[in-house]
Amino acid sequence: MRPHMVLFGDSITQQSFADGGWGASLSNRYCRKADVLLRGYSGYNTRWALFLLPHVFPPEGSKQPSVVTVFFGANDAALLGRSSERQHVPLTEYKSNLHQIITHLKNCSHSMLVVLITPPPIDENGRMQYARATCGKNVVELPERTNEFAGTYAKSCLEVASESGVPAIDLWSRMQETPGWQETYLSDGLHLTPNGNAFVFEEVLKVLNARGWNVSEIPDDFPDYSIIDTSDPQKAFNGRK
């Protein structure tokens, strides 16, 4: 059986299988090599993600994923006193929750590659424009997230990765290295544009390639049609399970 990867996260993960999404691109890249499964939950923070763990990753599962990306923090970093405060998770709890997620995954399989992804940067002006477009006159005067506050969660995510010995992608910092990142990578100040999805895909691919998941080194699940002997097709499938 071919190995499988699970993309675990919030709406940025849930949307990753849309046209041009980073998850869809991963699935295409690993076609016939590994299955890429989507487990994205719009609006979720790490507190609520803990309740998903025994259902999405049952410890007694017969086949555990080989790779799991963990992409939470954008909702945890929602500000208290603003329109999305019900999603807010304090920074210390966010770190603790990430540790618990990693521990659960490693208990499922010690060989599992867990990759943490920090929340992306926030374009506060883009968030306000989006709010005005969707809520009109009812829009609040202040954005529900700020880039500075999201940055503290990104830093904590990196700290957890270092403490746990797992790789991490510093999306918050890396995206801001591009001039005009706000419009280039973010569609509404938070979620990804096609260019943003391509950026995440390339960053995830770098981590996977560096840890034994280079596509060129992974065999296809079944032989290419070109090597099947038309007079004796069975030979190409001998030894396959």
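Modeller: Start at W22. Beyond its neighbours within four places in sequence, W22 is in contact (heavy atoms within 4.5 Å) with L7, I12, T13, S16, T69, F71, I117, L192, N197, V200, F201 and V204. The model is predicted: local features need pLDDT of at least 70, side-chain atom pairs count only at pLDDT 80 or more, and totals for chains, interfaces and linings use all residues. Residues are numbered from 1 along each chain as its sequence is written, and side-chain values use heavy atoms, with hydrogens and water left out.

Both W22 and F71 are buried, meaning under 20% relative accessible area with a 1.4 Å probe, protein chains only; over 50% is exposed, and in between is partly exposed.

Now the core. A nonpolar core is a set of buried Ala, Val, Leu, Ile, Met, Phe, Trp, Tyr and Cys residues joined through side-chain atoms within 4.5 Å. The largest one has 33 residues. W22, L26, Y30, L208 and W213 have the most contacts inside it. Among the elements giving two or more residues to this core are helix 2, strand 3 and helix 9 (194–210). Helices (H or I, at least four residues) and strands (E, at least two) are DSSP runs, numbered from the N terminus. Helix 9 gives the most to this core: seven residues. Another core lies apart from it, with 25 residues, including V6, F72, I102 and L105.
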